[in-house]
Amino acid sequence: MKKVMICLVCLLTLCACGREPAVIAGDAGETEVAYADLDRPITAETTLDDEAVSCVPLQKDGSVYGFEMRFRQSDAVDALLRDPENVYFGVLQCGKDKLPVPMEDIRILPDITTDAFVLTLLMPQGKKLHAQDCTVSFYIAAHADVADKALFCAEKTVDLS
């Protein structure tokens, strides 16, 4: 009985110390929800060069409420976005803080005049940025590999000063 109680106390302690993974895709009411542990590095099979990505902060009344990212359209990225088995999500790293941006807070539109994807990544509710710069990352991943592997990554560091 003592061993069971000690195991139970240890398990409860571990649960209390653990961080909740970030929801990146799905709905709390749905049975399938994809999570990402932002403390683990995410690797990508394909990463765009820094010069191929542009990103600007979206501001209202002096505070940042999101980011607009642009990169050139390609058949490969379009196919990844259209695949129903894939999910996409964003990560905002501002100083030491890493904030997830789930699918529901990302809008992707094609700009036919410049042949580019235009992504709007909104800040998570109630979060504010407290850093001079922020690295904005956009990932596309296979649903089963969400935690640590991505199929595609576009990333840009934005100066907020």
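**Lead points**

Y139 stands opposite C153 in β11. This pair belongs to a predicted model of a chain with two helices and eleven strands. Of the chain's 161 residues, 34% count as buried.

**Overall layout**

- Read from the N terminus, the order of elements is α-β-β-β-β-β-α-β-β-β-β-β-β.
- Among contacts between residues at least 6 apart in sequence, 62% join residues at least 24 apart.

**Strands β10 and β11 and their partners**

- β10 and β11 run antiparallel to each other and are paired over eight bridges.
- Within this pairing, V136 has K156 of β11 as its bridge partner, and Y139 has C153 opposite.
- β6 is also joined to β10, by eight bridges in the antiparallel sense; there the bridge partner of Y88 is I140 in β10.
- β10 is largely enclosed by the rest of the structure, because seven of its ten residues are buried.
- β11 pairs with strand β3 (residues 43-47) as well, in the parallel sense and over four bridges.
- In β11, A150 is the residue that stands opposite A44.

**Strand β9 and its partners**

- β9 is mostly covered, with six of its seven residues buried.
- Seven bridges pair β9 with β5, and the sense is antiparallel; F71 stands opposite F117 of β9.
- β8 and β9 also run antiparallel and are joined by six bridges, with I108 standing opposite L119 in β9.
- T120 is a residue of β9, and it counts as buried because its relative accessibility is 9%, under the 20% limit.
- Leaving out residues up to four places away in sequence, T120 touches L58, F67, D105, I106 and R107.

**The turn between β8 and β9**

- β8 and β9 form a hairpin with four residues between them.
- D115 lies in the loop between β8 (106-111) and β9.
- D115 is not a glycine, yet its phi is positive, at about 55°.
- The relative accessibility of D115 is 33%, so this residue counts as partly exposed.

**Nonpolar cores**

- The largest nonpolar core has 26 residues, of which F67, M69, F71, L92, L129, V136 and F138 touch the most other members.
- Two or more residues of this core come from each of β4 (53-60), β5, β6 (86-94), β7 (97-101), β9 (116-122), β10 (133-142) and β11 (149-159).
- A second, separate core has eight residues, including L38, F89, Y139 and A141.
- Y139, one of the residues of the second core, is the residue placed opposite C153 in β11.
- V136, which is listed for the largest core, has K156 as its bridge partner in β11.
- F71, also listed for the largest core, stands opposite F117 in β9.
- Apart from neighbours within four places in sequence, L92 is in contact with F67, D97, K98, L99, V101, M123, P124, C134, T135 and V136.
- Among these contacts of L92 are F67 and V136, both of which are also listed with L92 for the largest core.

**Largest pocket**

- The largest pocket holds about 290 Å³ of space.
- Its lining has 13 residues, and S63, V64, Y65, M123 and K127 are the closest to its centre.
- By type, the lining residues divide into six nonpolar, four polar and three charged.
- Strand β5 (residues 63-72) gives the largest share of the lining, which is three residues.
- M123, one of the residues closest to the pocket centre, is also among the contacts of L92.

**S63**

- S63 lies in strand β5 and is one of the residues closest to the centre of the largest pocket.
- Is S63 buried or partly exposed? S63 is partly exposed, because its relative accessible area is 34%, which falls between the limits of 20% and 50%.
- S63 and L129 are 66 residues apart in sequence, and their C-alpha atoms are 8.4 Å apart in space.
- L129 is itself among the residues that touch the most other members of the largest core.

Technical notes:
Residues numbered from 1 in each chain as written. Predicted model: local features only at pLDDT ≥ 70, side-chain atom pairs only at ≥ 80, totals over all residues. Heavy atoms only, no water. 1 Å grid on protein atoms, 1.4 Å probe; cavity = no way out; pocket = protein on both sides within 12 Å on 5 of 7 lines; lining within 4 Å. Points joined across faces, edges and corners; volume = space filled by probe spheres on them. Nonpolar A, V, L, I, M, F, W, Y, C, P; charged D, E, K, R; others polar. Core = buried A, V, L, I, M, F, W, Y, C linked by side-chain atoms within 4.5 Å. Buried < 20%, exposed > 50% of the residue type's maximum accessible area, 1.4 Å probe, protein only. Contact = heavy atoms within 4.5 Å. Pairing = 2+ DSSP bridges.
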